[in-house]
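I opened the model to look up a few local features. My notes follow the order in which I checked them.

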Amino acid sequence: NVSMHDVILVVDSDIFQGVDEQEEAISMSVYPNPASGAVHLRYMIHDVRYLICDLYSISGRKIETLFNGYESPGEKEHTYDVSDLPAGIYLIRLQAGNQSTVQKLIIR
């Protein structure tokens with residue numbers, strides 16, 4: 001038998017689980033944008049994660065992996081020289097576990 005107390009606990013658990021997932025969402029900023037030399041990627045992670053960050057052409061072709069590996073929690077920043085890339089629009093995809101975010105990068 002399920003009591004009213006059990007049902008309330010299940011509902012509360014589901015509500016808090018949704019809040020946790022929102023707090024762990026990945027956000028990344030790319031600056032300067034547009035860029036012509038060095039570009040900075042800044043992001044925050046809340047727990048140890050295996051991250052993969054790839055650079056794609058606007059047509060979806062993977063150009064290179066910018067970094068991959070385990071990162072400890074906190075605010076992180078990576079810098080890359082994009083001066084050897086042709087001018088155009090690129091996509092930077094950061095993936096941590098089953099979450100990912102994509103930012104557009106314009107190279108002059």
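Strands here are DSSP runs of E with at least two residues, helices are runs of H or I with at least four, and both are numbered from the N terminus. This is a predicted model, where local features need pLDDT of at least 70, side-chain atom pairs count only at pLDDT 80 or more, and totals for chains, interfaces and linings use all residues. Residues are numbered from 1 along each chain as its sequence is written, and side-chain values use heavy atoms, with hydrogens and water left out.

**Entry: cis peptides.** I looked at the loop between β1 (28-31) and β2 (38-45), where Pro32 sits. Tyr31 and Pro32 are joined by a cis peptide bond, with omega about -10°. Pro34 is also found in the loop between β1 and β2. From Asn33 to Pro34 the peptide bond is cis, and omega is near 15°.

**Entry: the sheet.** Next I checked strand pairing, which requires at least two DSSP bridges between two strands. I found an open sheet of four strands in the order β4-β3-β6-β7, paired antiparallel. β4 and β7 (99-107) are the edge strands with a single partner each, so one side of each has no neighbour in the sheet. From one strand to the next, the twist averages 15° (axes are lines fitted to C-alpha atoms, for helices over the stretch in contact; angles run from 0 to 180 degrees between N-to-C directions). I then traced β6 (residues 88-96), which pairs with β7 in the antiparallel sense over nine bridges. Ile89 has Ile106 in β7 as its bridge partner.

**Entry: Glu71.** I found Glu71 in strand β4 (residues 62-71). Is Glu71 buried or exposed? Glu71 counts as buried because its relative accessibility is 15%; the cut-offs are under 20% for buried, over 50% for exposed and partly exposed in between, with a 1.4 Å probe and protein chains only. I listed polar contacts next (N or O pairs within 3.5 Å; within protein, one atom must be able to donate a hydrogen and the other to accept it, and residues adjacent in sequence count only if both atoms are side-chain atoms). The Glu71 side chain makes one to the side chain of Tyr43 at 2.8 Å. The Glu71 side chain also makes one to the side chain of His78, at 3.2 Å. Leaving out residues up to four places away in sequence, Glu71 touches residues including Ile45, Arg49, Leu51 and Lys76 (contact means heavy atoms within 4.5 Å).
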